[in-house]
Amino acid sequence: MLRRRPSTAARPKPRRRIRKLRLLVLLGVLALLCSTAFTFGFVTALAGEIPKLDPRYQVEAERDGYIYANDGKTVLAVLRGDESRVLLEPDEIAPLMKHAIVAIEDRRFNEHDGVDLRGILRAGWQDITNKRVVQGGSTITQQFVKNAIVKDDRTISRKVKEAALAWQLEQRWDKEQILTAYLNTIYFGNGAYGVQQAALTYFGRGASELTLPEAALLAAIPKDPSRYDPVASPREARARRNLILRLLVEQGKISRRDSIAASAAPLPRPDTMQPPSVNTPVAPYFANYVKQQLIGEYGAAKVFGGGYRVTTSIDLALQRAARRAIAKWLPDPEGPAAALVAIDPRDGSVVAMVGGRNFRESQFNLAAQAQRQPGSAFKPFVLAAALQQGVAPGSTFVSRPLSISLGDRFWSVRNYDNAYLGTATLDVATTQSDNSVYAQLTEIVGPRAVAKTARELGVSSRLEPFFAIGLGAEAVNPLELARAYAAFPTGGVRVDGTIFGNVPRAVIRVEQPDREKPLENEVRPVSVLRRTTAQIVNSLLQHVVQSGTGRLAALADRPVAGKTGTTENYGDAWFVGYTPQLVVAVWVGYANTLKPMETEYQGEPVAGGTFPALIWKSFAESALRLRGEESESFDAPPFLSGTTKRVVRRDGRLLLDNGLCRGALSIVYFSTYGPKRTANCKPNEVEVPRGVGQRVDLARIRLAAQPLESIIAYQPAEPLQRVDRVVAQVPARGRLSSYDTVTLIVPRPLHGVIPKLTGLTLREARATLRKLQLKVDVAGFTDGKAGRIVAQAPVAGLAAKPGMVVSLVVGRG
């Protein structure tokens, strides 16, 4: 029998395996060596940059930059960082300032080594979930490094370099040195670069003398100097200051009492601030505005002392004309002030800006920073939103006093001087600035659509989508109104810039020392409205100037479109007008107060059609002549057929009337536009008012006024619960037919209520409480009739519980 030899292919090959293993080990060692060498080289290279982080080195390396007018020659401002910065030693900064900035920017500053792993993980998760770099997560050390020498781009590579340098820095500098350098170099807004200059700018005292509310406010600003500017945005600044105060309490740095007292401290006023100024007197408010744009894009560290040469859009001849026009009509230095912004709608360039009467006295820019109600000057945005939804200008409304239901309350609307037009088209209502009609139009269009339209056109101020937005209750500034109106003569196109995006185009060119070619802020058109919408707006706003409230702004040689605005108490007056070549917004009012202007115009109130329209006309005549602009007409809107539909807004949606809806309006819509769904209104329908939280008797009276019936249902009361209030209702909201029934849920005490004891003797009080199985605690004695109860706790009328203790204060005579 023959044996089979084993196959050679099946035999193991130990030598070949050993060779593979050796190769893998060798590759691993080489990879480790390469990685170590790269890391060592990377860290060594970064270590060479540590000296550059010293603020003194940065000051020595700075180069002057300049902001020019549109001629590229006239200097508006010098961008010189060393004049706006004072370098302090650690003991020259108030400890409260250090605590405040650490509390809000990097609460683990004293625990990490420059890089906070927890912060990185949090930021990384946000970046992953949002599929882009959105979360900061940087420590104070990293922020200091970024501000000093790392380019301000939100990329992963930047974060790696920033983290590596931060770690290196922590090995060489102590925490006090890092924190001091950070405070010496960050930007606090209003030209204040570093904590010493910030303290002097906002409070007129050095950084060593800062109080708690002052330190908390300064710590609030660097995150976003424009958003948290205490003068331009007091609400946001105060909220962030108070957040810092709460954090200081949580971290044990201050007491709760100190926090409460500091949160009540006033914010700095424009007339008390002392910003460093390197502006020339040519157009100082505009120069400061340009600085803010530059800082927002490039960071303060590069703008001040970075050697930038910036050409702007300002036309000096028009700037002088603007000042002359204001001085002509408002010569009294104690009277109302004015702000003016002019924009060329064809390229979006800001060609004139007057932000106040005297820059030395107040650097607060009324043209770009002030937040004032525009009144009827906001109505074109309601009109544009309505036209976008297909509402035709031939739609008719009844002008009358209104009370518009907002569910649990009503919004009362009245016209100027209580004068009403009766039945009027949208065209006539626009010409006469009728509040009643525009309130109804806002209800049809929806406040959210109005806010959205205004934002898309260029209004950047915070807008709450309430019904009053249609009548100009939301505060804005002249710059954003001018920019938003500029989309009307361009056929509904908003003009952005390629560098700064959706902001007014004030910068034309930026030259940087490290770039061969200048950066051009070229025109970037963004279509916002249909062309026909803009054409109809232009047509209706021309009627305002021809025969309406803006007649004093009419120019003899060319068509003008525009809108007046006057607030209810005559605290603000506006005129925003335009030709195809120029858009100008004018505001008139008292700069630091809402003082009514009831007699300043020839003994009469200052309305939008008075001083603002006259200033507009004087300036526009000069500006158009100086620029050699020929007379040009607006494009006429095409004829569009329409259909009448009865509509009603219910629960935030516009619906067709089913024949039973109260408050339905007949609206003319362009063909194919208007709501498609029908409302399910009930016969004799009424709103169900909210009675929860009200006294039972008042809730029943409110329901009867609708008219609706009511019944009471009881539920067991909790101890110390009020038993005379409605705690729930069925239905809670919505609509019913007249005389339908609403059920009110009221607590019923199981063990009676705490009686009123004040005025009784102590013996009488004890006896009364004993019957209800309640205990007595004599808490003390005070002035009052001897032996009589002066005060009690809990108060009378709350649900009682056996064994509950009632504390009494007894008079001692």
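## The sheet of β21, β24 and β22

Strand β21 (709–716) and strand β24 (residues 741–748) pair in the parallel sense over 8 bridges. Strands are DSSP runs of E with at least two residues, helices are DSSP runs of H or I with at least four residues, and both are numbered from the N terminus. Two strands count as paired if DSSP finds at least two bridges between them. Within this pair, I711 stands opposite T743 in β24.

These strands belong to an open sheet of 3 strands, in the order β21-β24-β22, with mixed pairing. β21 and β22 (728–730) stand at the edges with a single partner strand each, so one side of each has no neighbour in the sheet. From one strand to the next, the twist averages 25°. Axes here are lines fitted to C-alpha atoms, for helices over the stretch in contact, and angles run from 0 to 180 degrees between N-to-C directions.

## Basis of the model and overall figures

The model is predicted: local features need pLDDT of at least 70, side-chain atom pairs count only at pLDDT 80 or more, and totals for chains, interfaces and linings use all residues. Residues are numbered from 1 along each chain as its sequence is written, and side-chain values use heavy atoms, with hydrogens and water left out.

The protein has 23 helices and 27 strands. Of its 813 residues, 50% are buried. Buried means under 20% relative accessible area, exposed means over 50%, and partly exposed lies in between (1.4 Å probe, protein chains only). Contact means heavy atoms within 4.5 Å. Among contacts between residues at least 6 apart in sequence, 69% join residues at least 24 apart.

## The sheet of five strands

Another open sheet has 5 strands in the order β2-β1-β3-β11-β12, and its pairing is mixed. Its edge strands are β2 and β12 (519–520), each of which pairs on one side only. In a regular strand the side chains alternate between the two faces of the sheet.

Strand β1 (residues 65–68) and strand β2 (residues 75–79) run antiparallel and are joined by 4 bridges. The hairpin they form has 6 residues between the strands, and G72 there takes a positive phi near 75°. β1 is also joined to strand β3 (residues 309–312), by 3 bridges, and this pair runs parallel. Y68 takes part in both pairings: its bridge partner in β2 is V75, and it stands opposite T311 in β3. β3 in turn runs antiparallel to strand β11 (residues 507–511), with 4 bridges between them; R309 has E511 as its bridge partner in β11. Helix α12 (residues 284–298) lies across β1, β2, β3, β11 and β12, running at about 45° to β2.

Helix α20 (residues 531–547) has 12 of its 17 residues buried, so it is largely enclosed by the rest of the structure. Its buried residues pack against α15 (379–388), α16 (426–431), α19, β14 (561–566), β15 (572–579) and β19 (665–670). One of the buried residues is N538, with a relative accessible area of 4%. The side chain of N538 reaches the backbone oxygen of F488 at 3.1 Å. This is a polar contact, a pair of N or O atoms within 3.5 Å; within protein, one must be able to donate a hydrogen and the other to accept it, and residues adjacent in sequence count only if both atoms are side-chain atoms. Leaving out residues up to four places away in sequence, N538 touches F488, P489, A561, Y578 and F634.

In helix α19 (residues 478–485), 8 of the 8 residues are buried, so this helix is also largely enclosed by the rest of the structure. N477 caps the N-terminal end of α19, with a side-chain oxygen 3.1 Å from the backbone nitrogen of L479.

## Backbone details in loops

The peptide bond from V730 to P731 is cis, with omega near -5°. P731 is found in the loop between β22 and β23 (735–737). A cis peptide bond also joins A793 and P794, where omega is about 0°; P794 lies in the loop between β26 (789–793) and β27 (805–811).

Y570 is not a glycine, yet has a positive phi of about 60°. Y570 lies in the loop between β14 and β15 and counts as buried at 14% relative accessibility. Y739, not a glycine either, has a positive phi of about 70°. Y739 is found in the loop between β23 and β24 and is exposed, with a relative accessible area of 56%.
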